[in-house]
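Okay, thanks for coming, everyone.

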Amino acid sequence: MTDSRTVYRAARSTAAAVDPGPEAEEFRREFRAWLSEHAPPELRGVGWPAVQGSPHAAALKAWGDVLCEAGYMCVAWPREYGGRGLSPVEVAIMNEEFDRAGVPRVTRGRAETTVGPAIIAHGTEEQKAYFLPRIISGEHVYCQGFSEPEAGSDLAGLRTSGVVDGDELVISGQKVWTSGYYESTMMFCLVRTDPDAAKHAGISYVLLPVAENGPGTGIEFRPIRQLTGRSGFAETFLDGARVPLFNVIGGLHQGWRVTVTTLGHERGNRATIAHVGYARDFWAVVEEARARGLTDDPAVREKLAWAWTQIETMRFSGLQLLAALAAGQDPSARAENGSVTKIRWSEYASRFGEIAVDLLGPEALTAGGTGEEGLGYWQEQFLSSRSGTIWGGTAEVQRNIIAERVLGLPKERKGAGR
Amino acid sequence: MSLAVTTEQEDLRTAVGRFLDARSPVRRARELMAGEVPHDADVWRALAADLGVQGIGVPGEYGGSGVDVQTLAHVFEEAGRVLLPGPLLATLGLAAPLLVAAGDGDAQARYLPGIAAGTTVATVGWLAPGAPWDAVGGAATAVRRPGAGWFVDGRVALVLDGLAADLCLVVADAPAGPSVFAVDAAGPGVDRRRVRALDPTRGLADLVLDGAPGTLVGEEGAGRALLDAALDRACVLLAAETVGAAQACLDASVSYAMRREQFGRPIGSFQAVKHKCAEVLVEIEGARSCARYAAWACGASPEEVPVVAVLAKAAGAEALFRAAAENVQIHGGIGFTWEHDAHLYLKRAKACQVLFGDTRAFRLRLADRLGL
Ligand SMILES: Cc1cc2nc3c(=O)[nH]c(=O)nc-3n(C[C@H](O)[C@H](O)[C@H](O)COP(=O)(O)OP(=O)(O)OC[C@H]3O[C@@H](n4cnc5c(N)ncnc54)[C@H](O)[C@@H]3O)c2cc1C
């Protein structure tokens, strides 16, 4: 069984398992035809999202523009806000078709899946009219300014202050672990606007322009090197950065509910898609193991079979979620709970990273690859996989959420965990 | 047919759940396991007569309502929840699927209507004493006497619900290779011995066959293929059963953790306890996804079944073991008592892990079937 066969199999059984209905199937036909005509051959097999300094950056941007032009960007958003109003099932179909065609689905990343839905849910019509089209066009690329040196898991413990000055907010403080700062033009960030209010009641959710950051602008990013050797995130220093009050979403001091919307999307949006990339890596590791003559070893076979079970579990649970949605049902709180999904994929990815590196044998010790620090693909995967159980709320915090919100167990103390 | 749970399935599940809570709660499993045969014939008949459960595994032309594993799996989840003793797995997981796979009109007409009606308890036997689960052949031998038919001799170990069974489908060595023979389990030439089990809620027996008359089912020599087909089905339904049992363990853990207080607060407010519960939930949700997909695949994507059945059984058994073990722990001292039900689930859990092959063996089987 090969890589392509696996991916195709997933595509085939979605149609059967989900019973998406004639309209969705019509959409599939339409989109498949469009894609076969427009998919850029030079991007075949290229992954998305692009990593920092990707040689395909220009081609990916151009492909994004084509998608945008044709109305295939931010497709899950309502039509009135420039999206396409696709149902989760249709989005899944679209992902499959991209996969089938072997080209990446360029998206607007976290702006599309987290900020956008938060603006749609909590913004005023004027805010929607201003911010949403700029996300779609790619003019506004967002980074996330939630975490601070003293406030990580305890997100609401943040201290960065926003002081109202006329029709502006003046922001001072420090953010940290700001991913993707290097390509961002905007930051969605949390600031404390009412220091006297209760912890969750004095926070505002602000869309802060950062395009022209640097000394004198009140915003400065200082890259932090990650354990992979890359500097994927930064410290962000805010020193009197000014932003119009217009850019506060959900109302002054009312930012916590917007944050909850954002976090929910951040955790939930991999439920139906994560398995595809993992399956690709899995079969690549199988090939490596075969080439090294390791697949006869029962210990290796057992580990690989375990990994496949986890990948399939992700596929099956995603399909069940979609099937329920397609049948017009409200999926159970459990199945749709982003925390369950997040624990599953992040812990799987870490374990798979270990398995992949173990298979390299003595070669795992050496840095003879082409990656940062001379590391090979699997070594980098192993290292970067350790972040999944940290970002977006640690695995421990997700377990607290499951225990309290899904199982109804009592809180340990008030407000434990983001 | 989509993966979504239909209203009909939901309704059946509720009805079966109510029936089992009334007629076969875990308390009843305790009573039955104290006797010789962990099987309540009245409950079995009522499951067929009132709820049509057995009919769900039998094609319409043989008195059933059609083979619908996806629906049947919901019944197994409920049965697992209350640790229903009795031959659900043996009859609907092994024997009926084997008969259907054999495509032998005579055998089907003879046995399936009784299974659908709840008047026949059936099982399958293939294991030679001391042999591993995947060894087929060597347990019994079948010889044909001109004019008199087939006779089976041998010793078949660990037959599920062997004492409750009316019909045992025995995989015996015939001249053309391992073949399936229908043997009257209570008939001449059959000596049944109860096997005391780790999991006393699931009946096990050894059968000593001494010239027992048998009827060939399906082609001579087809024994291995038929057994494989039956085992895949049994694994799918066993996976559903383990998910139901695991959920019962988690529910028990959570409700106890909310009630029991130590250090002036409910133990469920301690993170060490909360995280155990959350971890168990994540594992059960995964196992449930696998079990439901595997059941769906039996009807809608049959070529996937050999892979997903194996995967679902392993995932379900692991989830149940984890849930059952943590349930004992969360109950503290009470969890270690005979009086509390926690140990019944722990025993069921270990037995489910070992039944048909342990998780390691299943992963290796999965690797084989994936072509790794
Ligand atoms: C690769 C990467 C990218 C990131 N990108 C961004 C970004 O773009 N924007 C942004 O705002 N943030 C980002 N983050 C930050 C991330 O959200 C935080 O790191 C995370 O929420 C944890 O906070 P912390 O680092 O302060 O750890 P801490 O909160 O100090 O946690 C340390 C340890 O204590 C445990 N702990 C804390 N509280 C509890 C509790 N109540 N119960 C049990 N255990 C607990 C944690 O689980 C962890 O193991 C990123 C992080 C990483 C690793």
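**A walk through chains A and B**

Let's start with contacts in chain A: if you take those between residues at least 6 apart in sequence, 71% join residues at least 24 apart. Before I go further, keep in mind that this is a predicted model.

So, chain A overall. Its secondary structure comes to 13 helices and eight strands. How does its radius of gyration sit against that of a compact globule? Well, with 418 residues, a compact globule would be near 22 Å, and chain A has 22 Å, so the two agree. Along the principal axes, the C-alpha trace of chain A spans about 70 × 50 × 50 Å. Of those 418 residues, 52% are buried. And the accessible surface of chain A is about 18,000 Å², with carbon and sulfur atoms making up 52% of that.

Now the same tour for chain B. Here we've got 12 helices and nine strands. Chain B has 372 residues, for which a compact globule would have a radius of gyration near 21 Å; the chain has 21 Å, so again that agrees. The C-alpha trace of chain B spans about 80 × 45 × 45 Å along its principal axes. Buried residues come to 62% of the 372 in chain B. For contacts in chain B with a separation of 6 or more, residues 24 or more positions apart account for 74%. Chain B exposes about 13,200 Å², and 53% of that is supplied by carbon and sulfur atoms.

Okay, let's zoom in on some strands in chain A. Strand S5, residues 203-209, is mostly covered, with six of its seven residues buried. Which strands does S5(A) pair with? On one hand there's strand S4, residues 186-192 of chain A, which runs antiparallel to S5(A) and is joined to it by seven bridges. If you want to find that pairing on the screen, look for A:Met186, whose bridge partner in S5(A) is A:Pro209. On the other hand there's strand S8, residues 248-249 of chain A, also antiparallel to S5(A), and joined to it by two bridges. For that one, go to A:Val206, which has A:Val248 as its bridge partner in S8(A).

Next, a helix. Is H13(A) mostly covered or mostly open? Mostly covered: 10 of its 12 residues are buried. The buried ones include A:Val397, A:Ile401, A:Ile402 and A:Val406, but also A:Arg399 and A:Glu404. Just after H13(A) you come to A:Gly408, which takes a positive phi of about 75°.

Last topic: salt bridges. How many does the structure hold over all chains? There are 55. I'll pick out a few.

Now try A:Lys61 and A:Asp65, whose side chains meet in a salt bridge at 3.2 Å, N to O. Both of them lie in helix H3 of chain A, residues 57-69, and they're four residues apart, about one turn of the helix. A:Lys61 counts as exposed, at 54% relative accessibility, while A:Asp65 is partly exposed, at 35%.

Over in chain B, B:Arg45 and B:Asp42 form a salt bridge at 2.9 Å, N to O. They share helix H3 of chain B, residues 41-49, and sit three residues apart, about one turn. B:Arg45 is partly exposed at 42%, and B:Asp42 is partly exposed at 46%. Elsewhere on our list, salt bridges that share partners join B:Arg13, B:Asp21, B:Glu77, B:Glu78, B:Arg81, B:Glu285, B:Arg288 and B:Arg292 into one network.

That's my tour, so over to you for questions.

Notes
Residues are numbered from 1 along each chain as its sequence is written. Chains are lettered from A and ligands numbered from 1 in the order in which they are written. Side-chain values use heavy atoms; hydrogens and water are left out. A salt bridge is a side-chain nitrogen of Lys or Arg within 4 Å of a carboxyl oxygen of Asp or Glu. Buried means under 20% relative accessible area, exposed over 50%, partly exposed in between (1.4 Å probe, protein chains only). Two strands pair if DSSP finds at least two bridges between them. The radius of gyration is taken over C-alpha atoms; the globule rule is 2.2 Å times the number of residues to the power 0.38. Contact means heavy atoms within 4.5 Å. Accessible areas come from the Shrake-Rupley method with a 1.4 Å probe; for residues, only the protein chains shown count as cover.
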